[in-house]
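Visitor: Please put the entry on screen and take me through it by question and answer.

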2 protein chains.
Amino acid sequence: MSQPSIPTPRTRLVREPDRAVYDREAAYQILDEGFLCHVGFAVDGQPFVIPTSYGRKDDNLLIHGSAASRMLRQLKDGIPVCVTVTLLDGLVLARSIFNHSMNYRSVVVLGKATLVDQPEEKLEALRLLSEHIIPGRWADVRQPNERELKATSVLKVPIEEFSAKVRKGPVVDDEEDYSFPTWAGIIPLETRVGTPIDDARLLPGRAVPEYARRYSR
Amino acid sequence: MSQPSIPTPRTRLVREPDRAVYDREAAYQILDEGFLCHVGFAVDGQPFVIPTSYGRKDDNLLIHGSAASRMLRQLKDGIPVCVTVTLLDGLVLARSIFNHSMNYRSVVVLGKATLVDQPEEKLEALRLLSEHIIPGRWADVRQPNERELKATSVLKVPIEEFSAKVRKGPVVDDEEDYSFPTWAGIIPLETRVGTPIDDARLLPGRAVPEYARRYSR
């Protein structure tokens with residue numbers, strides 16, 4: 001399924017090209033670890049960037065349309081979007097302010113978003129989205145009815161033109177700065193999952209399911 | 001300094017207007033808690049969304065230009081951008097899949113980005129950015145020299161046209177779904193700060209500073 005990954009002039013990294021990752025598998029690992037993306041689209045020349053959830057099915061991103069109403073008005077044969085996923089791993093405190101940085105992994109996908117509007121395909125897309133965010137949940141919930149399916153929109157964006165960028169590892173200072181008398185190092189950052197909180201109106205005997213109790217990204 | 005916050009047709013929330021926050025102070029609290037934004041801009045009709053760090057000074061966002069080289073080529077008298085900041089607080093597991101949601105706080109700022117290019121103003125902007133991300137660090141580092149200042153760009157975006165969106169609190173299910181026999185509740189998510197990691201080439205006697213040891217967002 002996967003095509004070779006060749007950077008285009010639009011996805012070739014201009015700055016810090018040493019941080020570029022054009023390998024599709026590496027990009028998919030990042031996409032599969034996250035579930036929150038920022039979708040960019042333009043309306044009359046004004047860019048909008050909206051946070052929403054996403055999933056991946058083979059070489060397509062599926063994007064929950066909850067935040068996309070402004071975008072959906074523009075949809076006909078597909079609208080150019082940029083979908084960006086960023087995972088933040090740490091602050092990099094160098095000796096010079098100039099070499100301060102962040103450890104992160106990000107993927108930028110450029111493409112045309114189209115509506116998933118055939119009901120069966122939409123239901124399957126919603127299942128994939130749900131399973132991407134919290135695997136195991138779909139089988140436990142009240143399934144969408146016809147009215148709800150209609151009220152939900154899902155967008156599909158093919159992962160054809162993309163780039164990923166990764167900064168990891170230790171501080172890198174200029175050689176002459178290593179004698180500068182300050183602390184330097186990494187402050188790790190990660191997403192912490194808290195203990196699930198029962199809903200106040202939970203039916204008796206409903207324990208926190210395994211997929212919620214052991215949830216992690 | 002702060003003007004009243006009136007939603008424009010471009011920032012008025014189309015979906016879930018009950019989650020809208022147009023109050024400037026509330027938006028600033030969100031902006032001040034985060035430090036990673038996603039900047040959107042369009043080049044020849046193609047939107048780009050780039051993650052980068054930011055800070056706030058009064059009614060302006062200051063955006064680190066590290067990721068903005070593609071955008072900077074477009075800069076003349078200012079380029080329309082959208083700056084979005086999203087803080088994710090939890091997954092909301094309802095009884096129906098349709099009512100699943102996320103707890104989050106987000107701010108969308110629409111405006112024209114201009115370069116901060118006067119050297120003194122740029123230095124002050126970099127200090128603000130640094131202090132926004134990790135207060136206390138600036139005084140401890142080797143300050144930028146002329147070459148580094150030139151190699152760094154900072155953008156300024158006035159916070160005039162903006163909206164914020166907040167979803168918090170418990171699951172909300174349709175009344176008839178409360179008898180559906182599944183677990184429901186919240187999975188809290190937060191940014192966890194790990195123990196700082198000393199750089200391998202640290203000078204002897206350099207302890208982790210207080211602002212790194214007690215870092216939190």
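This is a predicted model: local features need pLDDT of at least 70, side-chain atom pairs count only at pLDDT 80 or more; totals for chains, interfaces and linings use all residues.

Visitor: Which rotation superposes chain A on chain B?
Guide: The superposition is by least squares on the C-alpha atoms of residues with pLDDT of at least 70 in both copies. It gives an RMSD of 0.0 Å, with 0.0 Å of shift along the axis. The two copies are thus related as by a two-fold rotation axis. The rotation is 180°.

Visitor: Which residue of chain A comes closest to the rotation axis?
Guide: The distance is taken at C-alpha and comes to 2.4 Å. The residue is A:T191.

Visitor: What percentage of the contact residues of chain A recur in chain B?
Guide: Two residues are in contact if their C-beta atoms, placed from the backbone, lie within 7 Å. The same surface serves both copies, and the share is 100%.

Visitor: How many bridges join β9 of chain A to β9 of chain B?
Guide: Strands are DSSP runs of E with at least two residues, helices are runs of H or I with at least four, and both are numbered from the N terminus. Two strands pair if DSSP finds at least two bridges between them. Both β9 strands span residues 185-193 and run antiparallel, with A:L189 opposite B:V193. The number of bridges is five.

Visitor: Which residue in β9(B) is the bridge partner of A:I197?
Guide: β10(A) and β9(B) run antiparallel and are joined by two bridges. Within chain B, β5 (residues 79-93) also pairs with β9(B) in the antiparallel sense, over four bridges. There B:V92 stands opposite B:I186. The partner of A:I197 is likewise B:I186.

Visitor: What percentage of the residues in chain A are buried?
Guide: A residue is buried if 20 or more other C-beta atoms, placed from the backbone, lie within 10 Å of its own, exposed if 12 or fewer, and partly exposed in between. Chain A has 217 residues, with five helices and ten strands. The buried share is 39%.

Visitor: Is A:R201 buried or exposed?
Guide: A:R201 lies in the loop between β10 (197-198) and α5 (210-213) of chain A. Because A:R201 has 12 C-beta neighbours inside 10 Å, this residue counts as exposed.

Terms used
Residues are numbered from 1 along each chain as its sequence is written. Chains are lettered from A and ligands numbered from 1 in the order in which they are written.
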